[in-house]
Amino acid sequence: MIDKADLARVEVFSQLPTEEQERFAQKAADVRSAPAETIVYQGEQSKFYVILEGSAQVFKDIHGVLHPLGKFSAGDFFGGLNCLMGISSGVAVIATTQCRVARFEMQQLQELIQPSAPSSGLILREMSARLLEIQRYAQGVPSTRVILTSQSDNRMCQRIKSFLNASHIPYEWNSSVSASNVKTQDHLAVTIDGQHELSNPNLREVADALGFQTKPKCENYDVLIIGAGPAGMAAGVYGASEGLRVLLVERGSAGGQAGTSSRIENYLGFPSGISGDDLSDRALKQALRFGAEIAIARTVEAISPCPGGYAVRLDGGEEVVSRTVLIATGVDWRLLNVPDLDEYLGNGVLYGASRTEALSVTGKRVFIIGGGNSAGQAAMFFSDYAKEVHLLVRGPSLASSMSQYLIDQLAGGVPDLLCRWMS
């Protein structure tokens with residue numbers, strides 16, 4: 001429990017009257033953290049924090065890499081700017097020693113700023129300094145981590161681009177024929193962070209170079225989950241949160257087909273809607289936070305009974321044992337029976353409609369085949385970029401396959417949408 005003597009030692013409270021210090025002490029949460037324990041997670045709703053004892057390090061997740069930005073020590077405070085604006089924290093704060101922090105809600109921060117000129121002056125000056133740090137950060141953030149260089153958009157290039165998109169890794173594709181590191185039409189060069197250059201890599205090699213976990217850390221698990229889509233990650237979160245040792249194995253990127261949905265509006269808890277890749281990213285972070293492992297770009301080749309559970313063999317020959325195996329592989333797209341269609345996959349023909357495909361349809365005519373919710377979401381999303389959107393539906397209407405809220409949006413919000421019925 002925090003008392004007025006704790007706050008009196010901190011500059012932002014020291015000039016308040018004793019009775020005010022007592023009032024704020026009664027409203028503060030007493031947060032104690034061990035070394036390496038996270039005090040604030042990036043993306044969580046921000047509060048106002050004052051460090052009473054110990055020190056902490058500030059980290060920013062930039063394109064999947066944690067970058068240290070600064071340190072806090074006893075007497076420092078943070079979170080005020082985001083707290084007042086009602087937005088989530090843009091950084092993570094992790095204790096470097098035994099740490100004791102006073103945490104305040106937005107109401108207490110407003111009460112601290114309004115009546116006290118000395119306290120408000122300190123807080124507002126600190127907010128101005130934070131804005132300058134944000135400006136320097138914005139100028140120094142790299143615009144891309146990966147450069148793909150090839151003469152043709154071959155199948156592996158498409159797979160890697162899809163993986164990077166789903167993993168929120170910014171990249172550039174250079175199709176210049178004159179590039180010195182491109183030897184033949186089928187050759188693919190991948191440069192990561194301006195240092196690591198890979199020649200004709202597979203997906204696992206790219207994931208390794210980017211720092212993703214691709215190998216199990218243990219030999220034995222309580223639960224092994226095949227597939228890291230929404231169902232698999234939900235099982236991973238629930239299992240790991242109960243103290244089970246969990247491993248998820250995913251052949252591509254975490255998120256599955258949910259990651260290809262441009263916007264989901266009828267999912268509980270997101271009144272303004274959420275894109276599939278954002279939902280997948282949150283689920284992934286939540287699973288990792290509880291201690292679940294996710295082996296990316298790996299497949300399961302065999303499962304056989306053994307003492308203590310099941311022996312699971314991964315591609316590459318590695319084998320782990322798990323007491324329980326949960327198969328959550330989802331479904332594959334039903335492919336169109338069109339001759340030579342495979343040649344155009346990822347290059348004009350897409351399955352799914354993730355947000356990362358927006359620039360590829362700018363100013364073009366888009367034909368969406370299907371009348372389900374995914375088709376409706378794609379039509380709404382692509383209409384902001386495409387010249388025209390044609391929705392091709394096999395059936396008499398949308399009512400039997402699409403949610404009414406999407407039908408209403410399509411009817412009233414997309415002037416260039418053309419619906420055609422196919423028999």
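Mentor: We start with the sheet, then step back to the chain, and end at a single residue. Keep in mind that this is a predicted model.

The sheet is open and has four strands. Their order is E2-E7-E4-E5, and the pairing is antiparallel. Now look at the edges. Strand E2 (38-40) and strand E5 (65-73) stand there. Each has a single partner strand, so one side of each is left without a neighbour in the sheet. From one strand to the next, the twist averages 35 degrees.

The partner of E2 is strand E7, residues 92-95. Two bridges join the strands, which run antiparallel. Find Thr 38: opposite this residue stands Ile 94 in E7.

Now step back. The chain has twelve helices and 21 strands in its secondary structure. Its C-alpha trace spans about 80 × 60 × 50 Å along the principal axes. Of the 423 residues, 42% are buried. Take the contacts between residues at least 6 apart in sequence: 65% of them join residues at least 24 apart. The accessible surface is about 22500 Å², and carbon and sulfur atoms hold 51% of that. As for charge, there are 37 positive and 45 negative ones, with mean positions 1 Å apart.

Last, find Glu 343. This residue lies in the loop between strand E18 (319-327) and strand E19 (365-369). Is Glu 343 buried or exposed? Exposed means over 50% relative accessible area. Glu 343 has 56%, so it is exposed.

Terms used:
Residues are numbered from 1 along each chain as its sequence is written. This is a predicted model: local features need pLDDT of at least 70, side-chain atom pairs count only at pLDDT 80 or more; totals for chains, interfaces and linings use all residues. Side-chain values use heavy atoms; hydrogens and water are left out. Buried means under 20% relative accessible area, exposed over 50%, partly exposed in between (1.4 Å probe, protein chains only). Contact means heavy atoms within 4.5 Å. Accessible areas come from the Shrake-Rupley method with a 1.4 Å probe; for residues, only the protein chains shown count as cover. Lys and Arg count as positive and Asp and Glu as negative; His and the chain ends are not counted. The place of a charge is taken as NZ of Lys, CZ of Arg, CG of Asp or CD of Glu. Two strands pair if DSSP finds at least two bridges between them. Axes are lines fitted to C-alpha atoms, for helices over the stretch in contact, and angles run from 0 to 180 degrees between N-to-C directions.
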